[in-house]
Structures are given as structure tokens and as C-alpha cells.
Amino acid sequence: KSDILELRFDYDTGRSFGQTRTFKFEDFSAMKVFISKVFTYNLPIIATCRHSDEAGLLHSSAVKGFCGSEVQRTPIMQNAVNEGVDYVDVELNHWLDIKRRSGTKSIVSYHNFDEVPEESSLIRIASEAVDRGADIVKIVGMAKHYSDVVRMKKFVIESSFVLKKPIIGLCMGEIGKDSRVFAEFTNEPFTYASIDDKSGTAPGQ
């Protein structure tokens, strides 16, 4: 059972979402209807429109995250915020200037599809995210060895205390799956999971 829902607006290709009519998310009236339907689940909502450089599962497919410009991506996220989503996820390396409503929290995220950065780099990334105004810091890297998972979780435990901010630290890939389970034991605010094997938004989810 989900405790929180993430809406990935970069995955919109005009297809149908449940009983909602087919639309592009640039159609903000339809976007409003879609979000209102999701609100009926009475769960917190994360709004994400992932930049193509950090596109998760679609990183290696024909569709690589949001295919439009930053000028197009910004109003999609702003409209999601205006409709009352609880969290907005913005990439540290592809910053969007979004005006948050009272009560909307920011997740400042970083994704690395090649590796889990060394501890000094993880600390630097987290500090930069906090400087950007992050309510939650999210760092995701590709695990090649189990030691990568251990390093990520050690960083989460130590840096969340030092920075006084919640940190989500996840590892992608088959080896990294345990990092999602361990989140419960490293005091992370939440973790990410897919509803089935085909709908994950990152390798190993």
C-alpha cells in the first residue's frame, strides 16, 4: 500500500491515464482535472517533471524524460504546485525557478547513472541542495558493488544529522535494491517503489 504518490509529468506522451481523457500535460485545464482525480486517493503527492539528463527508466529508451525545453518544463511544474501538490521535485543540476505555495515542500534531487559518488562528493551535493532551499535532499546513484550501498547509507545517517535536513539516499541497479528497503532503518522520510516490474522509474526500482 502506498503512503505517498509521485506524478511523473515527464512520462506524458498524450496517452490515457486511467479514466482521464488523453491529453498533453501542457494542456493545463486537463492537468487540473487529472490532479484533482489523484487527490481523491487522499495521499500526499510529489510532482516531478524529470529533465532528460536524469530520466530514470527512460534514460536508455527512445523517450528520455521531458523532451521539451526548460521554458516548457517550468510552467508544467508551476501549475502542479498551483494545484496544491504537497512536494515538488527539482533537480539540483537543472534548477527551475518555481514559486511554491505555503505548505509545498521542495525535494532537491541529484541522479548519477554511472556511479555512487565518493563520500566527499555526496556531502558537497547535499550541502548545495540545502543551500538551494531543500526541505528534503534526494541523491540517487548507480551501485556497482555492495560497498556503494553501504557508503550511501552511511552518508545518509551522518549527513542528515549534520545538515539537519531529511535525506533520501538510493542506489539504482540490481545491487542497489536493498537501499530502498534499508530506508526505513536509516530514518529517511520515504522511499520509492513501482507498482509492478514494468513501471519503475529507475533501474532496480
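Ile107 in strand β4 is the bridge partner of Asp89. The structure is a predicted model, in which local features need pLDDT of at least 70 and side-chain atom pairs count only at pLDDT 80 or more, while totals for chains, interfaces and linings use all residues. Residues are numbered from 1 along each chain as its sequence is written, and side-chain values use heavy atoms, with hydrogens and water left out.

**Strand β4 and its neighbours**

Helices (H or I, at least four residues) and strands (E, at least two) are DSSP runs, numbered from the N terminus. Two strands pair if DSSP finds at least two bridges between them. Strand β3 (residues 87–91) pairs with β4 in the parallel sense, over 5 bridges. Strand β5 (residues 136–142) also runs parallel to β4, and 6 bridges join these two. Here His111 is placed opposite Val140 of β5.

Of the 8 residues in β4 (residues 105–112), 7 are buried; buried means under 20% relative accessible area, exposed over 50%, and partly exposed in between (1.4 Å probe, protein chains only). Together with helix α3 (residues 119–131), β4 and β5 make a right-handed β-α-β unit. A crossover is right-handed if, with the strands pointing away from the viewer, the path from the first strand over the helix to the second runs clockwise.

**Arg50**

Arg50 belongs to the loop between β2 (45–48) and α2 (70–82) and is buried, with a relative accessible area of 1%. Its side chain makes a polar contact with the side chain of Ser109 at 3.5 Å, and the Arg50 side chain also reaches the backbone oxygen of Glu54 at 3.4 Å. A polar contact is a pair of N or O atoms within 3.5 Å; within protein, one must be able to donate a hydrogen and the other to accept it, and residues adjacent in sequence count only if both atoms are side-chain atoms.

**Salt bridges**

The model has 12 salt bridges, each being a side-chain nitrogen of Lys or Arg within 4 Å of a carboxyl oxygen of Asp or Glu. Three of them are tabulated with the accessibility of each partner.

| Pair | N to O distance | Relative accessibility |
|---|---|---|
| Arg100 and Asp135 | 2.7 Å | Arg100 40%, Asp135 25% |
| Glu188 and Lys153 | 2.6 Å | Glu188 9%, Lys153 6% |
| Glu158 and Lys154 | 3.2 Å | Glu158 37%, Lys154 38% |

Glu158 and Lys154 are 4 residues apart in helix α4, so about one helical turn separates them. A network of salt bridges that share partners joins Arg50, Glu70, Arg73, Asp89, Glu91 and Lys138.

The salt bridge between Arg100 and Asp135 has a N to O distance of 2.7 Å. Because Arg100 lies in the loop between β3 and β4 and Asp135 in the loop between α3 and β5, this pair ties together parts that are 35 residues apart in sequence.

**Aromatic contacts**

There is 1 aromatic pair; rings of Phe, Tyr and Trp (its six-membered ring) pair if their centres lie within 6.5 Å, and planes under 30 degrees apart count as stacked, over 60 as edge-to-face and the rest as tilted. Tyr87 and Phe190 form this edge-to-face pair, 5.8 Å centre to centre with 70° between the planes. Tyr87 lies in strand β3 and Phe190 in the segment after α5 (177–182), so the pair ties together parts that are 103 residues apart in sequence. Tyr87 is buried at 15% relative accessible area, and Phe190 is buried at 12%.
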